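Here are my notes on this model, point by point. Please read them with the structure open.

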Amino acid sequence: MQGWTDGYVTEIAYTHGFHDELLPWPMMAALADAGRPVPVAPGASFDYCELGFGQGFSLALMAAANPQAQFWGNDFNPDHVAHVAGLAARAGLANLQVSSRGFADYDDGSLPDFDIIALHGVWSWVGPTARADIVRFIDRRLKPGGIVYLGYNALPGWAQYLPLRRVMLEHARRGQGDLAGRIGAALDMAGRLEGQGAGYFRINPTVGPRRDLLAGKDAAYLAHEYFNESWEPVYFTDLAAALAPAGLRMAAQARPADRWEEAGQAPAIQAVGGEAVADPDFAEMLRDFLTNRPFRRDLFQREGGNPYPLGADDGGDWLVAFAHPRDLPRRATLPTAGTIDPPWDLSYAVLTALQAGPAQVVALAAALEKSPDEMAPVLRLLTALGLIGPALPPSGLGDRQAACDRLNRAIMAEAHNADRLTALACPVTGGAVAVDRISLLFLDGLAAGAAPVSFTWKVLQAAGQRVTRDGKPLLTEKQNLAELEERWLRFQQRRLPVLNLLGATQQNRQG
Ligand SMILES: C[S@@+](CC[C@H](N)C(=O)[O-])C[C@H]1O[C@@H](n2cnc3c(N)ncnc32)[C@H](O)[C@@H]1O
């Protein structure tokens, strides 16, 4: 069958997304948060491997932001490998090595042992043989105390949609022509099925809106998300059982927001599960029924190793602002924790203090006349809301900045032609931050010493493109410039100061 290799879509390349769950330092913070041993000291060297990296954008961002560390990765789609290799070459990233070998033969004896092995959107997109290859790879190559990150489709969150995807896949298998065309035809078929008043759509009322949503997505996303032959959302307990022979145990959820929600769910899980929740894997399963979330982001950890001693630095963790104080919401919503009203004055004071630059918890608490213990709840909440996050100590910042500047220049250059690479590497966090294409062009204009709005408009004009508003392209030059001016003012006031704080703007531009 045309378009699938070992059940995996190869005819259409994957999207260029950046996934911040892959970032190494928030993983360390998650382990510390969960009271687990932390294998790598902040800012230290480590060996990182991403399996099935897609276009490899996240991998390139991480390599730039951590020149002290080494990054490896594989993906059996040669177009994907060529993309990330080209990006790494343009940015001069000497600490990134990629391979087009599949999971089964990636470990050719030349690889080191890894502190972190990460797989985002892979486990539930491959069949049983590839999963077994992955576990074997992890078993052989993960260091004691090392971390495995997996982001995957979970059950029961996907349960209603499995038949929708199946009927569309069966239709695409029987279609003619290229995969993109067969995907469109399969979506139309599902629409007609719903139009017939099909019982499946009636008894599962969220499926029709899901089909409508999919009809608006591009083929690259749909091909990999819905039209893989091997595509199987999993129960957490099945994943945990598959990883256990490699000595892996669930350590923490990767996302701070999920960990925040988790704290509130403990009583319900205990009340429902009783003695059975003494098994933490079963407790996780109940969590998935409580949240019905379709995607899990888990950190598993191997026993052993020499953990970095927590509290070794008396000043405490380094923190940086990801938002301007004006972005602080009076009321925030987390899906399963409901609404939260952040303690306003203290939250605002934290964000204001961090506008001066990253700070250690002890110094931040002293500046706000609090103890670190008093600060802990608000810092956890602001982290869960994505308003602050972990930063690295200043040592090594110069090298990180130089490497990030090089990659970020390549990203901004690409924004002249395409809307694909929408994040910048951050030396201050050893991570990356999402930035939309127009903002990238503003930044490129600034770095070139030009007026950002007219610079951006000239780039778009040269590419025969227009700014869109509410999804529709603006027609006249006057409308485009007015829209860009509005966006620039917002960007300059709110986003630019934060990007400066993170070191994501050009510091070492030469000409
Ligand atoms: C759904 S995509 C996710 C890509 C990327 N991790 C992301 O989230 O952006 C799955 C990726 O796994 C790769 N892949 C699937 N089976 C593979 C195998 N056996 N060996 C290596 N790569 C594989 C595919 O080429 C694809 O890029």
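This is a predicted model: local features need pLDDT of at least 70, side-chain atom pairs count only at pLDDT 80 or more; totals for chains, interfaces and linings use all residues.

1. Start with the helix pair α17 and α19. Two packed helices are described by the angle between their axes and the distance between the axes. Helix α17 covers residues 437–447 and helix α19 covers residues 477–501. Their axes come within 11 Å and cross at roughly 80°. The two helices are therefore roughly perpendicular to each other.

2. Which residues of α17 and α19 meet? From α17 come Ile438, Ser439 and Phe442. From α19 come Arg487, Trp488, Phe491 and Arg495. Sorted by class, this contact has four nonpolar residues, one polar and two charged.

3. Now the domains. The assignment for the protein chain gives domain 1 in three segments, 4–156, 233–255 and 293–302. Domain 2 takes 159–226, domain 3 takes 318–391 and domain 4 takes 397–501. Between the C-alpha centres of domain 2 and domain 4 the separation is 35 Å.

4. Next, the seven-stranded sheet. This sheet is open, its pairing is mixed, and the strand order is β5-β4-β3-β6-β7-β9-β8. At the edges are β5 (96–99) and β8 (248–253), each pairing on one side only. From one strand to the next, the twist averages 20°.

5. Within that sheet, look at β7 (residues 142–153) and β9 (residues 295–302). They pair in the antiparallel sense, over seven bridges. Gly151 stands opposite Arg297 of β9. Helix α4 (residues 128–141) packs on this sheet and touches β3 (47–51), β6 (114–120) and β7. The direction of α4 makes about 165° with that of β6.

6. There is also an open sheet of three strands. Its order is β13-β10-β14, with antiparallel pairing.

7. Trp318 has Ala391 in β14 as its bridge partner. Helix α13 (residues 344–354) packs on this sheet, touching β10, β13 and β14. The direction of α13 makes about 95° with that of β10.

8. The ligand shell deserves a look. Around the ligand there are 21 residues, and Gly52, Gly54, Phe76, Gly102 and Gly121 come nearest. By class, the shell divides into nine nonpolar residues, eleven polar and one charged.

9. Finally, two backbone details to check by eye. Most residues other than glycine have a negative phi, and most peptide bonds are trans. Leu155 and Pro156 are joined by a cis peptide bond, with omega about 10°. Pro156 is found in the loop between β7 and α5 (162–173). Asn292 is not a glycine, yet its phi is positive, about 55°. Asn292 lies in the loop between α12 (280–291) and β9.

How values were computed:
Residues are numbered from 1 along each chain as its sequence is written. A residue is near a molecule or strand if its C-beta atom, placed from the backbone, lies within 6 Å of it. Ala, Val, Leu, Ile, Met, Phe, Trp, Tyr, Cys and Pro count as nonpolar, Asp, Glu, Lys and Arg as charged, and the others, Gly among them, as polar. Domain bounds come from an automatic or database domain assignment. Two strands pair if DSSP finds at least two bridges between them. Helices (H or I, at least four residues) and strands (E, at least two) are DSSP runs, numbered from the N terminus. Axes are lines fitted to C-alpha atoms, for helices over the stretch in contact, and angles run from 0 to 180 degrees between N-to-C directions. Two residues are in contact if their C-beta atoms, placed from the backbone, lie within 7 Å. Angles under 35 degrees count as roughly parallel, over 145 as roughly antiparallel, 65 to 115 as roughly perpendicular and the rest as oblique.
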